[in-house]
Amino acid sequence: MISIAKPLIGKEEEEAVLSVLRSGQLVQGPKAKEFESMFAEYCGAKHAIATSSGTSALMACVHSLGIQEGDEVITTPFTFIATAHAIFAYGAKPVFVDINEKTFNIDSSKIESAITKKTKAIMPVDLYGLPYEYDSISKIAKKYSLSIIEDACQAVGAEYHGKKTGVLGDLAAFSLYPTKNITSGGEGGIITTSNDYLAEKIRYYINIGQKARYVYDSEVGVNFRMPELHAAISIEQLKKLDFISKKRNENAQFLLSALKGLPNVILPQTPKGLTHVYHQFTIRITNGKRDYVAEELKKREIGIGIYYPQPIHLTPPYKKIGYKKGDFAISEKIASEVISIPVHPLLAQKDLDYIAKNLKEILSAM
Ligand SMILES: *Cc1c(COP(=O)(O)O)cnc(C)c1O
């Protein structure tokens with residue numbers, strides 16, 4: 001079976017883990033700090049704050065802006081559900097705006113009509129590793145004095161006209177879950193910002209409301225800290241990131257040219273000036289037979305993923321607040337067409353050849 005995702009973990013990570021275990025400092029030590037400064041420098045952000053997951057990173061970002069019940073945050077319905085939950089968890093309403101079917105990202109031209117007096121922020125997602133429409137969305141944010149929280153969980157290392165993800169907004173959140181482009185070796189996340197006030201607020205919040213040990217902030221906090229073992233692994237992964245991105249891009253370029261011109265399929269597109277880091281290589285099957293193609297690929301031992309089978313507005317928590325089928329037609333259509341195929345850096349050329357050959361066979365016979 002060719003798996004859909006596989007972390008690139010080697011000796012460096014193993015040694016990093018042993019050295020933390022032997023040091024006896026398992027939490028709140030030097031590794032998390034080192035990872036934070038490396039990551040901030042990598043993105044070009046002033047601050048980075050390591051967290052326990054991508055979800056907790058998003059939550060801390062939402063909290064830092066004082067977003068609460070009665071507020072609204074604009075986001076996309078075509079993403080992992082954690083994006084919307086991070087908003088809803090603080091009592092605010094996720095206001096969905098449909099996507100652009102070419103990029104799978106939120107359609108900036110539909111945002112202004114969704115803004116109300118209650119809108120506090122926009123949370124665009126860099127889906128599958130492709131940066132969101134930063135220029136037009138940051139203009140809208142400025143015009144209406146809204147904050148931007150970039151959900152960059154899938155897009156570490158991607159660029160928008162030379163700017164790295166992590167600086168495409170007031171705050172950004174990344175995930176280090178094992179299937180993401182780099183991993184902490186378990187759960188993990190990291191926040192970037194160049195805003196001193198927000199960075200400090202987040203540091204206290206994720207440290208149980210402590211400015212230092214037993215020195216309390218005036219606000220309540222949670223424990224979203226990253227343990228040292230995960231920070232040590234993350235450091236080694238970050239060193240490999242450029243290699244990983246290059247490999248993913250090479251694999252994607254191979255698939256793009258091998259699958260070009262086939263019927264009933266739309267291949268991923270990258271707008272000019274953007275770099276895609278191919279967290280997923282996601283194609284669209286346009287003749288209504290996506291599930292058949294998925295089954296055929298599985299039969300041939302090719303791992304696939306459907307990201308995401310249901311747009312978020314049709315999931316139980318958001319149906320409960322009034323969203324219904326037909327609200328976001330493009331997201332609903334795309335959710336029925338997408339299928340992601342392996343693109344990870346551990347694929348061998350024979351795996352890529354096998355994937356391309358089988359997809360060609362399946363698509364040509366439909
Ligand atoms: C993975 C992911 C998250 C959540 O990250 P976890 O580390 O799994 O909590 C949030 N948003 C998006 C778009 C993701 O892909």
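Which polar side-chain atom lies 2.8 Å from a nitrogen atom of the ligand? One belonging to D151 does.

Before going on, the basis. This is a predicted model, in which local features need pLDDT of at least 70 and side-chain atom pairs count only at pLDDT 80 or more, while totals for chains, interfaces and linings use all residues. Residues are numbered from 1 along each chain as its sequence is written, and side-chain values use heavy atoms, with hydrogens and water left out.

Back to the ligand. S175 has a polar side-chain atom 2.6 Å from an oxygen atom of the ligand. For K180, a polar side-chain atom is 3.0 Å from an oxygen atom of the ligand.

Now the shell. The ligand is surrounded by 15 residues, and the closest are G54, T55, Q154, S175 and K180; a residue is near a molecule if one of its heavy atoms lies within 4 Å of it. Two or more shell residues come from each of α3 (54–64) and α4 (82–88). The largest share, three residues, is that of α3. Helices (H or I, at least four residues) and strands (E, at least two) are DSSP runs, numbered from the N terminus. What is the make-up of the shell by class? There are five nonpolar, eight polar and two charged residues. In that scheme Ala, Val, Leu, Ile, Met, Phe, Trp, Tyr, Cys and Pro are nonpolar, Asp, Glu, Lys and Arg are charged, and the others, Gly among them, are polar.

Next, two residues with side-chain contacts. S340 is in strand β15 (residues 338–341). S340 counts as buried because its relative accessibility is 0%; buried means under 20% relative accessible area, exposed over 50%, and partly exposed in between, with a 1.4 Å probe and protein chains only. The side chains of S340 and T282 make a polar contact of 2.8 Å. A polar contact is a pair of N or O atoms within 3.5 Å; within protein, one must be able to donate a hydrogen and the other to accept it, and residues adjacent in sequence count only if both atoms are side-chain atoms.

D71 is in the loop between α3 and β2 (72–75). At 11% relative accessibility, D71 is also classed as buried. The D71 side chain has a polar contact of 2.7 Å with that of K120, and a polar atom of the D71 side chain lies 2.9 Å from the backbone nitrogen of Q68.

Last, the backbone. Most residues other than glycine have a negative phi, and most peptide bonds are trans. The peptide bond from Y307 to Y308 is cis, with omega near 10°, and Y308 lies in the loop between α8 (290–299) and α9 (316–319). Phi of F104 is positive, near 70°. F104 is in the loop between β3 (93–96) and β4 (119–123), and is buried at 7% relative accessibility. S145 has a positive phi of about 50°. Is S145 buried or exposed? S145 is exposed, with a relative accessible area of 65%, in the loop between α5 (134–143) and β5 (147–151).
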